[in-house]
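Colleague: I would like to learn how to read a model like this one. Please take me through some features, with the general idea ahead of each case.

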Amino acid sequence: MISVRELRKAFNGREVLKGISFDVRKGSITGFIGPNGAGKTTTIKILSGLLKKDKGEVKVLNQDPWDNPKVLEKTSIIFTDLIYPLENTVEEYLKDLGKIYGNKDVNSLIEEFNLTPHLKKKLSQLSSGLAQRVQLVASLIKEPELIIADEPTANLDPNARIEFYDHVKRLNRRGVTFFISSHILSELEKIITDVIFINDGRITFSGRVGEALSEAGEEEIYIMVNNPERALRIIGGVIDGPYIKVRGKIREIVDRLDDNNIEIISIRRSSLDEAFKKFSNI
């Protein structure tokens, strides 16, 4: 769906993207992760056809996105804030888009995303969560194959973020590919299939989520038990919030806890936060 090779971009003599390369496979939900200033938004603007690259090759749906309406026919872009005519009502905005793209099924999208009670509201009156839901419906009117989202949940409360990502999972099951930049890793790791880490204008990892977590700490394990003090004496490690963080083989650690009648409540390998720290050199 997306192919980037040796992409470079500079502003006022300062290179922001330093020859990055990565792929986004069809049918994936790919997280694009990095600290502030890493180059995420610049990359997304180039993929969206809003910014011209300096050097390298960029393909979105097998075409260069710069000044290319054909790419935008099957690609939708979602930003943090609603950037459309704010004096329009929700109904005017969505139905006008339906006319532009020749989609006669706008009403079914409005019903599916529970927007009927809000049709007469102006876009300027919407809460952040509702505005983002309107953006998602707007992005679907053109029936895209790919949705690129730049920090889509940054201004949302926890319930609205959960709702947004539930919609993403449902749409992905229908075949829509997602490329999502976000800082909220604890929520992103629940839905993404692939991850790309960027730091200081360079790609530090690109691949499946499982591979990233393995590279971040293949033998670092987090265990929640009913008797952490006793478990520490048996398996070692350190307390990390409600978990014991320990290094070793999962099977051996579980067996030792079972042999000593310690109940395991939860167990996991390193999270996306740990991978982020490693690949961002934090």
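Modeller: Helix 3 has 12 residues and reaches 17 Å from its first C-alpha to its last, close to the 16 Å expected at 1.5 Å a residue. The expected span is 1.5 Å times one less than the number of residues. This is a predicted model: local features need pLDDT of at least 70, and side-chain atom pairs count only at pLDDT 80 or more, while totals for chains, interfaces and linings use all residues. Residues are numbered from 1 along each chain as its sequence is written, and side-chain values use heavy atoms, leaving out hydrogens and water.

Colleague: Which residues of helix 3 are buried?

Modeller: An α-helix has 3.6 residues a turn, so residues three or four places apart point the same way. Buried means under 20% relative accessible area, exposed over 50%, and partly exposed in between (1.4 Å probe, protein chains only). In helix 3, the buried residues are Val90, Glu91, Tyr93, Leu94, Leu97 and Gly98. They pack against helix 4 (106-112) and helix 5 (128-141), with contact taken as heavy atoms within 4.5 Å. After helix 3 comes Gly102, with a positive phi near 65 degrees.

Colleague: What should helix 5 span, at 1.5 Å a residue?

Modeller: The 14 residues of helix 5 should span 20 Å, and its end C-alpha atoms are 20 Å apart, so the two agree. Helix 5 is mostly covered, with 13 of its 14 residues buried.

Colleague: What is phi at Glu143, and where does Glu143 lie?

Modeller: Most residues other than glycine have a negative phi. Glu143 has a positive one, near 55 degrees, and lies in the loop between helix 5 and strand 6. Glu143 counts as exposed because its relative accessibility is 52%. Asp200 also has a positive phi near 55 degrees, and is found in the loop between strand 8 and strand 9. At 43% relative accessibility, Asp200 counts as partly exposed.

Colleague: In what order do the six strands of the open sheet come?

Modeller: Two strands pair if DSSP finds at least two bridges between them. The six strands form an open sheet in the order 5-6-7-3-8-9, with mixed pairing. At the edges are strand 5 (75-78) and strand 9 (202-208), each pairing on one side only. From one strand to the next, the twist averages 15 degrees. Strand 5 and strand 6 (residues 146-150) run parallel and are joined by four bridges; Thr75 has Leu146 in strand 6 as its bridge partner.

Colleague: Which strands does helix 5 touch?

Modeller: Axes are lines fitted to C-alpha atoms, for helices over the stretch in contact, and angles run from 0 to 180 degrees between N-to-C directions. Helix 5 packs on the sheet, touching strand 5 and strand 6, and its direction makes about 170 degrees with that of strand 5. Helix 1 (residues 40-47) lies across strand 3 (29-33), strand 6, strand 7 (177-181) and strand 8 (194-199), at about 150 degrees to strand 6.

Colleague: Is Asn172 buried or exposed?

Modeller: Asn172 is buried, because its relative accessible area is 16%. Asn172 is in helix 6 (residues 158-173). Not counting residues up to four places away in sequence, Asn172 touches Gly27, Ser28, Ile29, Thr177 and Phe178.

Terms used: Helix = DSSP H or I, 4+ residues; strand = E, 2+ residues; numbered from the N terminus.
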